[in-house]
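Hi,

Here's the structure I said I'd pass along. Have a look at it first, and my notes on the charged pairs and the surface follow below.

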Amino acid sequence: MLRATVLQGESNSVLLVGRRGCGKSVLVETALQELAADAAVSADAYTVLRLDGLVLRGDDGLALRELARQLAAHGLASAAWTNEAGEGEEEEDEAAAATAAAA
């Protein structure tokens, strides 16, 4: 599936679920190594982005900022966009704090 996704421009998602230490990361790393070794797949045909669920703890805004940061590091997004995304949330947080303080 991973190979077809890259070669045919398909949009697929994969959800790996399992207890800590059962081999989820090893499975993904093995699949990525096989993809990198595939002569039919160009190295610039895909980009690997990584999110750590233990760090993000369900914070969608933090996850989006981290993805934007990684995309910018690969030259696939503007660094200004990543800063703007973070600034908007800071303003929302400040407004929420002011509202809570007023209550």
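A quick cut-off before the details: buried means under 20% relative accessible area, exposed means over 50%, and partly exposed is what falls in between. Glu29, at 30% relative accessibility, therefore goes down as partly exposed. Keep in mind that this is a predicted model.

Now the charges. The structure has 3 salt bridges.

Glu29 is in one of them, with Arg50 as its partner and 2.6 Å from N to O. That pair links distant parts of the chain, 21 residues apart: Glu29 sits in helix α2 and Arg50 in the loop between α2 and α3. Arg50 is partly exposed too, at 46%.

Next up is Arg3 with Asp38, where the closest N and O atoms are 2.3 Å apart. Arg3 belongs to helix α1 (residues 2-8) and Asp38 to the loop between α2 and α3, so this bridge ties together parts that are 35 residues apart in sequence. Asp38 counts as buried at 19% relative accessibility, while Arg3 is partly exposed at 41%.

Then there's Arg69 with Glu66, at 2.7 Å from N to O. Both are in helix α4 (residues 60-73), and because they are 3 residues apart, about one helical turn separates them. Arg69 comes out partly exposed at 46%, and so does Glu66 at 23%.

Away from the charges, there's a nonpolar patch on the surface made of Met1, Val14, Leu16, Leu27 and Val28, with about 460 Å² of accessible area together. Leu27 is in helix α2, which covers residues 24-37.

Cheers

Technical notes. Residues numbered from 1 in each chain as written. Predicted model: local features only at pLDDT ≥ 70, side-chain atom pairs only at ≥ 80, totals over all residues. Heavy atoms only, no water. Patch = residues over 30% accessible without salt bridge, like charges linked within 9 Å, V, L, I, M, F, W, Y side chains within 5 Å. Areas by Shrake-Rupley, 256 points an atom, 1.4 Å probe, with all protein chains shown as cover. Salt bridge = Lys/Arg side-chain N within 4 Å of Asp/Glu carboxyl O. Helix = DSSP H or I, 4+ residues; strand = E, 2+ residues; numbered from the N terminus. Buried < 20%, exposed > 50% of the residue type's maximum accessible area, 1.4 Å probe, protein only.
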